[in-house]
Amino acid sequence: MSDTAGGRTPEEQALADEIEQTREHLGETVEALAAKADVKARAQRRAAEVKSSLRGKARAAKDKVTEQAGELRGEAAAKTARAKNTAQAKTAQAKDAAQATAARAKDTAQATAARAKDTAQATAAQAKDTAQATSAPVRDQVTTGAARAARAVRDATPAPVQRSAGQAMAVVRGHRGKASAAAAAVAVLVLAWLAIRRRHR
């Protein structure tokens, strides 16, 4: 009882079919496993690529941050230098302005003092001239009055008293100043006159 078509018995044919099916299943399983293995490899490669990309981005970000920090430090240093230069310039300007103001104030004070000195000297000269001009008439009046009084007293004074008065006048003339001499003479004559009047009483 053999199979004329394939030279196999039905059992052998069934076994062969089963083996073929099993081989096909194994092939599919191997392909599936290979596909799965390829997916894992692709995932690993993708993960590596992503990791490398992240590392590159991290380095780029770090470099950018470092560069920005350097730029910021440079800008800050430049601003600090500009601020320092501005402050120094303003300080120099303020110093120059203060010196100029002090110089102007000194010049003004000197000019004011000079004007005040000139004014004081002019006022003193005017006062001196006024005093001299005023004292001359007064001195003349005193001298004239004293002379008149002396003549009146002399006319009314007896001869002995006049001799005494003359001696007194000689002493008085030794003093400086006409007004002082005249006043002293008048005083002497008046005293003599009073003495005479007291005697007659």
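The protein exposes about 16,200 Å², and carbon and sulfur atoms supply 58% of that area; accessible areas come from the Shrake-Rupley method with a 1.4 Å probe. This is a predicted model, in which local features need pLDDT of at least 70 and side-chain atom pairs count only at pLDDT 80 or more, while totals for chains, interfaces and linings use all residues. Residues are numbered from 1 along each chain as its sequence is written, and side-chain values use heavy atoms, with hydrogens and water left out.

The protein has 3 helices and 0 strands, where helices are DSSP runs (H or I) of at least four residues and strands (E) of at least two. Of its 201 residues, 8% count as buried (under 20% relative accessible area; exposed is over 50%, partly exposed in between).

There are 2 salt bridges, each a side-chain nitrogen of Lys or Arg within 4 Å of a carboxyl oxygen of Asp or Glu.

| Salt bridge | N to O distance |
|---|---|
| Arg23 and Glu20 | 2.9 Å |
| Glu49 and Arg46 | 3.7 Å |

Arg23 and Glu20 both lie in helix H1, 3 residues apart. Arg23 is exposed at 52% relative accessible area, and Glu20 is partly exposed at 35%. Glu49 and Arg46 also lie in helix H1, 3 residues apart. Arg46 is exposed at 54%, whereas Glu49 is partly exposed at 47%.

Thr130 is another residue of helix H1. A polar atom of the Thr130 side chain lies 2.7 Å from the backbone oxygen of Gln126. With 48% relative accessibility, Thr130 counts as partly exposed.

Technical notes:
Buried means under 20% relative accessible area, exposed over 50%, partly exposed in between (1.4 Å probe, protein chains only). A polar contact is a pair of N or O atoms within 3.5 Å; within protein, one must be able to donate a hydrogen and the other to accept it, and residues adjacent in sequence count only if both atoms are side-chain atoms.
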